[in-house]
There are 4 protein chains.
Amino acid sequence: MTDRAYVLFEEQQQARGINLDQVKQQLKALKIETPSWGYGDSGTRFKTFQKVGVPRDPFEKFEDAAQVHKYTGIAPSVAIHIPWDKVDDYGKLRAHAENLGLKIGAVNPNLFQEDEYMLGSVTNADAAVRRKATDHLLECVDIAKETGSRDLSLWFADGTNYPGQGDIRKRKAWLYEALAEMYKALNPDMRMLIEYKTFEPAFYHTDLADWGMAYNMALKLGPQAEVLVDTGHHAQGINVEHIVAYLIDEKRLGGFHFNNRKYADDDLIVGTINPYELFLIFYQILNAAGDADASIRSHVGNIAYMIDQSHNIEAKIPAMIRSVLNVQTQYAKALLINHAEVQDAQERGDVLGAEDAVRRAFEFDVTPLLHAVREEQGLPADPMKAYLESSYGRDILARGKGGASW
Amino acid sequence: MTDRAYVLFEEQQQARGINLDQVKQQLKALKIETPSWGYGDSGTRFKTFQKVGVPRDPFEKFEDAAQVHKYTGIAPSVAIHIPWDKVDDYGKLRAHAENLGLKIGAVNPNLFQEDEYMLGSVTNADAAVRRKATDHLLECVDIAKETGSRDLSLWFADGTNYPGQGDIRKRKAWLYEALAEMYKALNPDMRMLIEYKTFEPAFYHTDLADWGMAYNMALKLGPQAEVLVDTGHHAQGINVEHIVAYLIDEKRLGGFHFNNRKYADDDLIVGTINPYELFLIFYQILNAAGDADASIRSHVGNIAYMIDQSHNIEAKIPAMIRSVLNVQTQYAKALLINHAEVQDAQERGDVLGAEDAVRRAFEFDVTPLLHAVREEQGLPADPMKAYLESSYGRDILARGKGGASW
Amino acid sequence: MTDRAYVLFEEQQQARGINLDQVKQQLKALKIETPSWGYGDSGTRFKTFQKVGVPRDPFEKFEDAAQVHKYTGIAPSVAIHIPWDKVDDYGKLRAHAENLGLKIGAVNPNLFQEDEYMLGSVTNADAAVRRKATDHLLECVDIAKETGSRDLSLWFADGTNYPGQGDIRKRKAWLYEALAEMYKALNPDMRMLIEYKTFEPAFYHTDLADWGMAYNMALKLGPQAEVLVDTGHHAQGINVEHIVAYLIDEKRLGGFHFNNRKYADDDLIVGTINPYELFLIFYQILNAAGDADASIRSHVGNIAYMIDQSHNIEAKIPAMIRSVLNVQTQYAKALLINHAEVQDAQERGDVLGAEDAVRRAFEFDVTPLLHAVREEQGLPADPMKAYLESSYGRDILARGKGGASW
Amino acid sequence: MTDRAYVLFEEQQQARGINLDQVKQQLKALKIETPSWGYGDSGTRFKTFQKVGVPRDPFEKFEDAAQVHKYTGIAPSVAIHIPWDKVDDYGKLRAHAENLGLKIGAVNPNLFQEDEYMLGSVTNADAAVRRKATDHLLECVDIAKETGSRDLSLWFADGTNYPGQGDIRKRKAWLYEALAEMYKALNPDMRMLIEYKTFEPAFYHTDLADWGMAYNMALKLGPQAEVLVDTGHHAQGINVEHIVAYLIDEKRLGGFHFNNRKYADDDLIVGTINPYELFLIFYQILNAAGDADASIRSHVGNIAYMIDQSHNIEAKIPAMIRSVLNVQTQYAKALLINHAEVQDAQERGDVLGAEDAVRRAFEFDVTPLLHAVREEQGLPADPMKAYLESSYGRDILARGKGGASW
């Protein structure tokens, strides 16, 4: 049935003027980074449910991640979190990753789990704490050099719980100071990706509250500093794809932390609560990918697509496969947008026509296309099914309970 | 200065037609219950900061709570959480409380920290899990009988993380089934207070999502079931005082879990982010307290005022003193509303006059009034200062780190 | 290509255990009511853009609505708004509708455009204003009897702008009083659909703020009173499909006012901002439609599906065709859910499996199915295209500018 | 009573280390601009209630505004809106204002009420429409030169209603193009204040959606471009005072449009829904006003405080007096913050102490202080009472109904 489905799909899309060869090529080029912490246990403030079979160390996390890449073919790198993934010998971890067909991706400093950071890390009123935090940032740059990572993903859980608790402007200056010191330590081909978040549990104010604050920091730091968009870090009602388009236009969109949410920073599987939002994000990206301006096109080519989720109740590896597939699915749909048709309707002031031209692409079932692409790459047509039919999920149960968590 | 301040305050209020004797009487009658868990360590999913001096067992929690009552005079009862406050002999705990001048307040079952509850407690698809959860509810009724508690505060962290994960209507039926079984076990003078919450970290749907669902359950269960309003459990933009007025009018407002928030369920100190909202809640309550209908007046008299907060970074005992004082302050301000004046403006369609009559009461400084009331009760004028000047905070440092937490 | 597409679709769905004959039957039974006011001009407080060709009277509105039904086949009734659609002779309007193949649908009273209603209609402190408002409700019942309408859709723009402006509980009592008087005037086969809305521009409190308040009114009024869910009338983050499931379970879901929104009550075309939410609403409805309890099944059969939108910038008739098609599309997708598969995963605690079983249905392209259904009904495969190719849109330009608006 | 109240207040504040002479001086220096459109009728999309006595032309609006200044002494300028306040001879309007003791304040272009602007003004895909819109901006610069206005307040109701409707990045470029042309036309002492708004009724995306977009435009335009913060233009949960502090630190906070809201852009009287937020905004401003950096201090001195409200149901002049008084009240409270005390607590990591030091200032009743200041300035102690006791409100009833509106 699949073959006939693809033939039909091909005819259908060709009739719409879509170049499927190019679409396939773009699908094959898509790379989605998974996070090492997504394979471990996580929870809420109320409870972390411990799962049997969760990896017990960074090496096992990479083994699990390799499964995601094995079946999907598009998850070749893994972000690490320091100190959760601290090892004595990063060369050994790197070799382990490479043996599994993986690369070490972005390095994520952790500035929220030391007692000293209770009132802030790089924004702490105590200079000694700021020094410690900045040293950790520098340590992560060093680690990135060892692991061959291009990107440092920076999320700060810095903020205040009450009005008056901290001096907002001083904290801003201290944050910049730390980032500037870190920036200087970067190799020329490395990037700092500055993440923002509007709210944090129990926070009155977050030091990096929105894209504007992250962008402003990046502007001041220099061209190697860019903004990282975590899709769950916005207030309700915010148009995330607008921010994406804006940052691309300013050539400061470093990448994404993908996830989904219903209310706050829920870190649910990307594409499960509002798949259309994910599609519309890719619409903005692909619109820019076809820009007349080569510098915009080149900027788009460097966007890092990363998953950042906490699987509180889900089986970890299948949850990650589902995440990767959901991103791929919405990307595939967005590739079916006929931008000339949209543009034509926009120029004619045809509101309904333009809306339809975008939404129509979303409504196609891209399963035949994805099956064809996977087949061409020697991958299973249905990666989830293939994984579930393998013995891996059962084998790792021997690891027992109480693996890595945060 | 205080005396002159009170004399002036008295003249000012008498000129407005406020009966200060009655106001003082109402202030003396205010009772605010503090939660045992507010004295222990708590945190976010990212980190629980451990404080030196945190109580190590339920008995020490009551000792700390006694300090709050000692200095404020209005916090004579303490809510307990089972199993966090599980003891072999509740008679002993009760005697300990009474020796400290305290009572054991509401009993709070905990249905979110057992591994079996990962996919729900009383709403779990597995009948055995529902049985276990219901048995815990019944156990808490038994405990309440032993502790002499009138109220059972019921908060369920039941919900689903993804569309399709659970059958919403079946879960509703299971929830009712458990509550009905519990209801039957109550003594005639006991109450079930059903709490609701619109969102929960990582939730797609919460089984008891809003006041309407809690109210509907209460209606079906019978007159001993009422609704518990946690001020931080609403979506942004919701008018909480409207819900309060509505539930009073239906005689189903069992009580409050007070706290404050900036974005989600932040459990910050009540009255620190939006004090006017707290004042407006009391405006609705006091408006009903003067109702012509005696059954409304009597209903209002039974509302339980409870704090429910998590002090992640704050010193625990002072945080609780601040909470109790903030509730008292806004209650005192609301007592200065001249309801006849408001009503008169309402009847004349005088929008600005009615608004002003309410807001003006908020703008008074009630410090002289509170000082006078405390003096009459033999309490320190400034409870926070008095506590901080005592040696208690230093003495408990001997408990060390690693006390009770959740 | 269409035929082959349908053959393939059929094989695919049969392999999943979906009974396509039944699906088609359900699709043919779907009826969506369009609102007369959706054909006229509307705007924001800033500006109403007047379109050429907008209907000048109720008769022309029905002519435009007939176009929507002609091409989609599923929009056979039109809701009216009094006094916007006030005519001397409702028999004449009814005959006109019937000649066009239409029925007059729900009657919507208007209680927000008279000067007297500035401080409330049925909740006004002035008894004379309440009388006037209640009389209008009774007038609408009379009109419904003349037009043969089953439903009265009740939306009240009643609320207060400032704290203290009105007595919330008195207003509640007055609202009930008016509804109770109206209820008594209903024929036994008529229904009152009570709409709620959490916020209103410039409102501090809305008298019917949420489903719980509408439901409570309905409970007190009697079985002919049900709740009307307008999808845009909730605070951000609210799970609307949960409310839908809840009301069905209580057999009090009267119907929907469909539309979509990004931030507030935007009245955008349904299915354009968050199509998955619409699908998930239908998932809940169809889950109940297969309930073992016949009274639930019968309740679901009476849900009224109505559009309620304001087309500020869109061409009116195409906007309505798009709306009807979007509802049909998501309903068709929801019909492809294999409920047994979902239920099986739910019972096994397979979170990812259950989520996938629901989402997978959403990802199918139902175009071949809809084309087949339309062909069987003698309708154009692509209703929008057929309408745009007709001369109707051009012909009505002769009406000029300045038609009906609100 | 007032004198004794002030004596007591003085002692109390002196004991806290507050320099009341300086406080009074700062209070006397506060200037709040009222908007000409706040004196006319306004409404929602549903209804504009027409009031008797509303000004019929710009000249009468200034007469009403003069009443607000006469009684409060701190509202000496009036913002105008073009074309609502278009007159043949701006010299004449200016002279009229000056005769009334007023100045013409900010000039506000209107780019949302022409039919051509349906799909955008300066962001319209049609170059001719953009030209027209830009010409209007230039016209407003010319008017500002005639009226002697320093500031041009720029709010654009530009955005799209649906995904795909417009090209977000092209619109960004067009917006910049228009602003850049306008910027060149400014005199060296003039400023462009760029307003942003996260949502707009029926909008999917707003071209200037947040402070970051406005700030970025300002950065590119040059030092005469600054950001205008309208307090009601943020998503729920956003910390506005953080944005204020951030913009001050970047020396790009041009001014405020003050108002309050419960849910969306409600344009309610400032300080009526959440007075503490207004106080906290002033806390940030006053913190910066005492900065060691003279350029920060000087920047703070140039912030424009403007009201921007729509009084749908309120009596217009009293509503404006209330607004001005509410701003003054919260400013006065913020002036009582002992910044050294706050800073000391911050440095010691005393969360509760710092919070208390800020909140305590809010809890003082500043009535005695304001009375004293007004007395020193020859103003009535209670401006609202004085106005209501005057005959002005009755005299203007002769204007009849149907005055200026939008």
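How many helices and strands does chain A have? In this predicted model, chain A has 16 helices and ten strands. The radius of gyration of chain A is 21 Å, close to the 22 Å given by the globule rule for 406 residues, so the chain is as compact as a globular protein of that length. Along the principal axes, the C-alpha atoms of chain A fill a box of roughly 65 × 55 × 40 Å.

For the pair of chains D and A, a rotation of 180° with 0.0 Å of shift along its axis superposes chain D on chain A, the RMSD being 0.0 Å. Within chain D, the C-alpha nearest this axis belongs to D:Gly212, at 2.1 Å. Both copies use the same surface, in that 100% of the contact residues of chain D recur in chain A.

The contact between chains D and A draws 54 residues from chain D and 54 residues from chain A. The area buried between the two chains is about 4,500 Å², and carbon and sulfur atoms give 56% of that area. On the side of chain D, the residues that lose the most area to chain A are D:Arg169, D:His242 and D:Tyr246, which together account for 16% of what that side buries.

Ten salt bridges are counted between chain D and chain A. One of the salt bridges joins the side chains of D:Asp291 and A:Arg169, with an N to O distance of 2.8 Å. The count of residue pairs in polar contact between chain D and chain A, both at pLDDT 80 or more, is 30. Several elements of chain D give two or more residues to the side that touches chain A, including helix H6 (168–185), strand S7 (205–206), helix H8 (240–249) and helix H13 (351–363). The most is given by H7(D), with eight residues. By class, the side of chain D that touches chain A comprises 25 nonpolar, 16 polar and 13 charged residues.

Chain D can be laid on chain C by a turn of 180° and a shift of 0.0 Å along the axis, with an RMSD of 0.0 Å. The two copies are thus related as by a two-fold rotation axis. Of the residues of chain D, D:Arg45 comes closest to this rotation axis, its C-alpha lying at 2.1 Å. Here, too, the same surface serves both copies, since 100% of the contact residues of chain D recur in chain C.

In this second interface, 46 residues of chain D are in contact with 46 residues of chain C. Chains D and C bury about 4,000 Å² between them, with 61% of this area on carbon and sulfur atoms. D:Arg45, D:Phe46 and D:Tyr263 supply 23% of the area that chain D buries against chain C, more than any other three residues.

Across the interface of chain D and chain C, eight salt bridges are found. Among them is that of D:Lys47 with C:Asp115, in which the closest N and O atoms are 3.0 Å apart. The side of chain D that touches chain C has 22 nonpolar, ten polar and 14 charged residues.

Notes: Residues numbered from 1 in each chain as written. Chains lettered and ligands numbered in written order. Predicted model: local features only at pLDDT ≥ 70, side-chain atom pairs only at ≥ 80, totals over all residues. Heavy atoms only, no water. Least-squares fit on C-alpha atoms with pLDDT ≥ 70 in both. Contact = heavy atoms within 4.5 Å. Buried area = accessible area lost by both parts, 1.4 Å probe. Salt bridge = Lys/Arg side-chain N within 4 Å of Asp/Glu carboxyl O. Polar contact = N/O pair within 3.5 Å; in protein donor to acceptor, adjacent residues only side chain to side chain. Helix = DSSP H or I, 4+ residues; strand = E, 2+ residues; numbered from the N terminus. Nonpolar A, V, L, I, M, F, W, Y, C, P; charged D, E, K, R; others polar. Rg over C-alpha atoms; globule rule 2.2 N^0.38 Å.
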